[in-house]
Each structure stands twice: as structure tokens, then as C-alpha cells.
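Trainee: I want to learn how to read a ligand site. Can we work through one together?

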Amino acid sequence: MQTIFDTIKKVAIKIDHAIKTEDLGYADSENSSGEDQLKLDVKSDYIIEEAFKDISIVKSLVSEEKEGVLELHDEGKYTICYDPLDGSSLADVNLSVGSIFGIYEGELKAENLVASAYVVYGPRIELVLATKETKPQHYRAQNGLFNFISEITLNEKGKLNAPGGTQQNWADYHKTFVDDLFAQGYRLRYSGGMVPDLHQILLKGGGIFSYPGTSDVPNGKLRQLFEVVPFAFLYEQAGGQAVNDTGMRLMELIPSHPHDTSPCFFGSNYEIENMKQAYGIKA
Ligand code: AHG
Ligand code: MN
Ligand code: MN
């Protein structure tokens, strides 16, 4: 596993360099979710594939930017599911973006995730990773090396509210839930990049990030294997909760396709309990 984490550190430095120096325009292609790919999406995907292809413990790769599963080593133990550049459409307005990695052993379902990590490319490069035995570990890069800063623990209750999805298409009970948090004094924090948005909530002690199902996208937008589940794991390891719109733990998701999505709620305990109440979910 250390080899995988060391490789993530190496690719993070390379992707950061690409973001800072390369063309921010569109490639002439679409990904499996029907989104136009940016040249930076394609480049980041290439950097990650190149870095993992010679690592024999890696059995296969699943990427937001690839249709199917890329088989690497038959004898390998782990499948790495990744979003090479999350929030990539924010690069041209100079907001923070990220990379997300879920490391699975065996069949591709949430309960088989054994570790996860994400990188934030902002004013600094930061990395957060966790295994089943650890709380999320927060690192910051300096001169190309990642220095450990601290372990991350969520408070029981936070102050931040990051509500995703097109508001026009929210269900009434979802709107009531979001409005109720603001009426309790919560502050809006939503950049449109789940990595910096979820990172902010983790580091500022708590709050909630939601991306619900909406009338136009009933299963939400965020993809299970490489966006939802890696963060669900990190939030649970930090002492918070991560559930779908029925109150099921996101760590129980079983996708039927690598690019399946799920409504998702990540937060500290107080806010998730509020959400369950607003959604009429029995304890
Ligand atoms: P990606 O750039 O990898 O396609 O992901 C963007 C995601 C996520 O980072 C963010 O939270 C969400 O899309 C934002 O969606 P809205 O613009 O619908 O809020
Ligand atoms: Mn993404
Ligand atoms: Mn992406």
C-alpha cells in the first residue's frame, strides 16, 4: 500500500505542474458520463496510468476518463478507481481542483475499499489519505515533498453548508432541509469542486456537503467508485457519516457499472441526523 501512496504523491506533483503550465482548453472528446473532456483531464489521466502501469500489486485501473476497466497485472491485488482531475472546469477561473483515488481489493463495491486518498491543487498542494486502521492523515507539499501535518477528526457539529445540484430541480423536502440549516446560522461554502469543498469541511471541523438526486438527475451527478465512496470512507474514518437519500451508508453501495452515480450526503453527525429527519428516514 505504501507504494501506491508514494505513487499518488509523485503524480500529484506532476499533475500540479500540468495545471500550472498547460493549455486549459477542451480536447475533442467526451468521457463515459457524456461530459466534454478538457486537455487537462486527458493529461492527468495519462500521468496516473503511466505511473501505475509498472506497479505489480495494481491489478487494474478504473478512471472517470476511461470507459471500462483497464487490466494491468493479473497477479495484482488492488484496483485503483480514480478521478484524475475533479472540478477541472474550474481551472480556467483559477479555483482549486483535485484528484480522488479509491483503492479496492476484490470486487468493485464500497465494502471492498481498503484505502482512499485525495489531492487538492490550490494555493498549495495538499494530500489526505486514510486506511482502515487510520484516521485521515493531512499532508502539505513543500519543495516536492509531502510533510505530515495532522490527523483529521470531525466535530459532532459544524458550521458549513455546501449544497450541490441545480436548486430549481431540488425536491421540496431537500430545500426545506437546506433552508433550515441556514436558519440555524450555517454559512454557505460551495465552490463547485467537491475536493476543495469536502476538504474545507473536514479541516474546519464539520458541516455538510450534499449532492442529492434531482428531478433532472434522479441518481445525482457524483460517481460512486471514484468520487462518492472514497470520500464516504474518509468522512467515516474522521468520525462523521456519509449516507444516500434513504439513509443507507454510502459504504454499502454496490455499483452495477463503473460510472454509476449516487445521491450523497457527507457530514458531521449532527447535520446528517438533521438530513435524515428532513428526509423522513426513521432512525
Ligand atoms: P468533474 O470535474 O470530475 O466532472 O466533477 C465535478 C463535480 C464535483 O467536483 C462537484 O462537486 C460537482 O461536479 C459540481 O456540480 P454542479 O456544478 O452541478 O454543482
Ligand atoms: Mn469529479
Ligand atoms: Mn474529473
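Trainee: How many residues surround ligand 1, and which are the closest?

Mentor: Remember that this is a predicted model. Start with the shell, taken as residues with a heavy atom within 4 Å of the molecule. Here 17 residues surround ligand 1. The closest are Asp86, Gly87, Tyr190, Met194 and Tyr211.

Trainee: What is the make-up of that shell, by nonpolar, polar and charged residues?

Mentor: Sort the residues by class. The shell around ligand 1 has six nonpolar, four polar and seven charged residues.

Trainee: Which side chains have an N or O atom by an oxygen atom of ligand 1, and at what distance in Å?

Mentor: Look for N or O pairs within 3.5 Å. The side chain of Tyr190 places an N or O atom 2.5 Å from a ligand 1 oxygen. For Asp86, a polar side-chain atom is 2.8 Å from an oxygen of ligand 1. Glu35 also has a side-chain N or O atom, 3.4 Å from a ligand oxygen.

Trainee: How much of ligand 1 does the protein bury?

Mentor: Compare the ligand alone with the ligand in place. Alone, ligand 1 exposes 470 Å², and the protein buries 81% of that.

Trainee: Why does ligand 1 lie between domain 1 and domain 2?

Mentor: Check which domains supply the shell. Domain 1 (2-151) and domain 2 (160-278) both contribute residues, so ligand 1 lies between them.

Definitions and conventions. Residues numbered from 1 in each chain as written. Chains lettered and ligands numbered in written order. Predicted model: local features only at pLDDT ≥ 70, side-chain atom pairs only at ≥ 80, totals over all residues. Heavy atoms only, no water. Polar contact = N/O pair within 3.5 Å; in protein donor to acceptor, adjacent residues only side chain to side chain. Areas by Shrake-Rupley, 256 points an atom, 1.4 Å probe, with all protein chains shown as cover. Nonpolar A, V, L, I, M, F, W, Y, C, P; charged D, E, K, R; others polar. Domains from an automatic or database assignment.
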